[in-house]
Amino acid sequence: MDPLTDDRLTLVGLFIESTTALRSVLGRRLEQDVDMPLQWFELLLRLARSPGRRLRMSDLATQASLTPSGLTRAVDRLERTGLVERVPCPSDRRGSFAVLTPDGLVLIRAAVGPHLGHVEEHLTGTLTDDEQRQLTDLLRKVRDHVNPAALAAIPDGDMPVDPAADGDGAA
């Protein structure tokens, strides 16, 4: 068999092409409709869905697949705009938490509706409910294999916190 015709090359190529295009279109639409960079959206959403609306900086970097310095620069910008604040970690003097501010919560709540419309238009609208569940399960399996630190950094495994809740981790 010719390795150039291996179906695994097709699989990974389609996956990378799809995710690259999806990130591009979702980022463009967020910028157009909400005036928010996709990176900010992803960071604010992770904080909004976390218990206490906070994450250790190291955990946030792992979940967002950012280097520590890359996350520091992003949080610096979010902090300057009043959307996030840093709070020292009481158990580790070297560590700190990124905490979503009330203004950050207002902004992410306003952005979620348009973003979900974009997601529906460009991803979930092309899939049945069963296909969405299957894709979610498969992507979680791949994510846990290639980035096990991301799973370890997620409070309570992989269960999102209800963003309508008061942020104490209760769903």
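Modeller: The crossing of α1 and α5 is right-handed, a crossing being right-handed if the near helix is turned clockwise from the far one by less than a right angle, and left-handed if anticlockwise. Bear in mind that this is a predicted model, in which local features need pLDDT of at least 70 and side-chain atom pairs count only at pLDDT 80 or more, while totals for chains, interfaces and linings use all residues. Residues are numbered from 1 along each chain as its sequence is written, and side-chain values use heavy atoms, with hydrogens and water left out.

Colleague: At what angle do α1 and α5 pack?

Modeller: Helix α1 (residues 7-34) and helix α5 (residues 102-122) pack at about 145°, with axes 10 Å apart; axes are lines fitted to C-alpha atoms, for helices over the stretch in contact, and angles run from 0 to 180 degrees between N-to-C directions. Helices (H or I, at least four residues) and strands (E, at least two) are DSSP runs, numbered from the N terminus.

Colleague: And which residues in α1 and α5 meet?

Modeller: From α1 they include Leu22, Leu26 and Arg29, and from α5 they include Ala111, Pro114 and His118, where contact means heavy atoms within 4.5 Å.

Colleague: Switching to the sheet, what is the order of the strands?

Modeller: The order is β1-β3-β2 in an open, antiparallel sheet of three strands, and two strands pair if DSSP finds at least two bridges between them. Because β1 (54-56) and β2 are at the edges, each with a single partner strand, one side of each has no neighbour in the sheet.

Colleague: How many bridges join β1 to β3?

Modeller: Three bridges join these antiparallel strands, and leucine 55 has alanine 98 in β3 as its bridge partner.

Colleague: What do β2 and β3 form?

Modeller: They form a hairpin with two residues between them, and β2 (residues 84-89) pairs with β3 (residues 92-100) over six bridges in the antiparallel sense. Cysteine 89 stands opposite aspartate 92 in β3, and valine 84 has leucine 100 as its bridge partner there.

Colleague: Which helix lies across β1, β2 and β3?

Modeller: That is helix α2 (residues 38-48), which runs at about 100° to β3.
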